[in-house]
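Open the structure in your viewer and keep the selection tool at hand. Each stop below says what to select.

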Amino acid sequence: MRSTVLVALLLTVTLALPACAQVNDKAIADVKAGKLTEAKASWWGFDATDATACLQAAINSGVPKLTVDNTGKPWIVEPIELASNQEITFEKGVEVVAKKGAFLGTSDSLFRAINKENIILRGYGATWRMHRDDYANQPYKKAEWRHSLQLKSCSNVQVLGLHLLESGGDGVYLGTGKQWVTNKDILLKDLICDRQYRQGISVITAENLTIENVIMRDTGGTAPQAGIDFEPNSSEERLVNVVMRNCVSEGNVGWGYVLYLPNLKASSAPVSIRLENCKAANSVGGFCLVTGNTAEAAVKGTMAITDCTFDNNRTQGIQLIDVPATGIRTEFTDCTISENNLGSPISPTIMLATRQGADQDLGSATFRDCVVRDSLKRVPVGFVDMVGGLKVVEVTGNLIIEQDGQRKDVKLTPEVLREWMPVLSLKSFPKYDMTNKSLVPVTPGADSAKFGMPRFNLRDVAKGVLYASAGDTVKLTMRQYQVGRYAVKPAPVVITGPDGKEVQKATLPETSGQDAIIEFTAPATGIYRITATPDPNQARFMASSHPLNLTAEKEAVHFISSVGEVFLYVPAGTTEFGVRVNGEGLAEGVKASLCDPTGKIVEEKDNLAQVYVLSATLAQPSTGEIWSLKLAKPSAVTMEDFDVTPLGVPPFLAPSKEAMLKPQ
């Protein structure tokens, strides 16, 4: 009786095991001997808890055609290396799933091919799944390179029909495995790149790349968070003969289509990219092209965008940033730009812009029969000049504008462009000469409660100057705060003395909002310079025992989401001066008011996204005065990053009159 029950139990267990759990030694031998050119991955076995060895052995067999068969359970694997000269078909219903607790390496990808050729990956109805949310927590080190598929310096690769889900990086990444060797002859077709951490697709370098019928949706986690991002890392890389056709980018935290090309130069291979019948919707923006903007930095080439639709995005439908008239030629034909940027009524749906450091006029763009549909009454095309004095040239063609119940065809003549995008003329002031000058407090012995700056958030780098006498015990309290989803890491702080030598090092904790107490004894009387680097996050000077000012000596003071009043010193003999203020990201800005010593507003400007100079002309030369700049939320753009630089006066900003330092 017992033996009958035991036999029955063993039979039940055996029948419950998937047939492919057993290794098929004869079939494997026939593959090795070349008798079989097609094989099933399960011939090399199947383990429902970890099938890495089985699947990797099947790939390493070199069989020309391999089928990853549907075992009824997921193929749970650690990172898999692909082989050259192989076609792999993932049967309908197959799931390849990243093993939980594995992928601890920062660049561990589900599948990877480096310096390989002649690969076909076919998976209609199959899914590759990773665990995006897991990688944001211990024991994982934060990274953005745990891709679903990583191709580096590969050629003749086809990726067809797969659903790529929740990677810790990109759905597909095209990079370099050997220096300056580009990916060549690549086809990505009928893919779904779903809920990726960084990008649906990232293209670092490629030649003869076709992306067709691909959906890139719901990307979110770490910047740029785009549907697709073309972003070479060096001038030797290339984007040549790239075609996107019938693609959809939607619901992304970042842009739909990003082409970030400042690392390409005028000497790089000319870019050639074409988008046909593609769509971007319900993302931050539609199409964004960024290049370098100097004679040496501006890459050449052509970009054709035909029959594309950019709808219902939170900012612009189209942005062209730092694209000079001598650079890439962009052509938009029969495109529709509809109901974008509705939250910013003063900011148009098509935007051209310069960034700081640009020195070339913008342009080299043609619009042919493109429809701009806008429920807000505003100009369809705008220009944000972060430099001043640059203009838009060689923008031609026509726009069909549907606005306010009317439809009109507008030819883009120089007169129309000047009306929509006037040249920004800024008053200039000579740099204040600090040669052979030191700084001293305006109010010696003032209450140290006035020296802190807890309301002012300083993005990327926080730089301050502090006055102390020899032998003083100096005490600073600083904090680091997280910006968005950027990882918070320990931020270094370096303090140098009047002689330029380092006197103290410290670190802002990686815990957002935690105090760092920094103390040192001043070895000499004079100015001590503090540099904290929380990049890409923010820092604050919470308290100081000694007078402390922010410094814009070498670069602007970079604030983020800060309101309040800062003070500046106007030395005796000054007859005019200014303060340069600009936002960042085109839709980010601030309201700024320049006030005289009595608090009276001399000049005020709202919604400062592009660069502007608030200026003052004094009826009588200054006798040595403290003026102020009030910073407030703008009425029509987002308050986030913005820069402030005093011009014609000492480049320092104090949190109070009592903390003000002046040239001796």
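Start at P536, in the loop between β43 (526-532) and β44 (538-544). Helices (H or I, at least four residues) and strands (E, at least two) are DSSP runs, numbered from the N terminus. Select D535 as well: the peptide bond from D535 to P536 is cis, with omega near 5°.

This is a predicted model, where local features need pLDDT of at least 70, side-chain atom pairs count only at pLDDT 80 or more, and totals for chains, interfaces and linings use all residues. Residues are numbered from 1 along each chain as its sequence is written, and side-chain values use heavy atoms, leaving out hydrogens and water.

Next, select A223 and P224. A cis peptide bond joins them, with omega about 5°. P224 sits in the loop between β18 (215-217) and β19 (226-230). Most peptide bonds are trans, and most residues other than glycine have a negative phi.

Now go to W180, in the loop between β13 (170-175) and β14 (183-189). W180 is not a glycine, yet its phi is positive, about 70°. Its relative accessible area is 43%, so W180 is partly exposed. Buried means under 20% relative accessible area, exposed over 50%, partly exposed in between (1.4 Å probe, protein chains only).

Jump to N436, in the loop between α4 (414-420) and β36 (439-441). Phi of N436 is also positive, near 60°. N436 counts as exposed because its relative accessibility is 79%.

Finish on strand β7 (residues 111-114). F111 and A113 form its covered face; R112 and I114 form the uncovered one.
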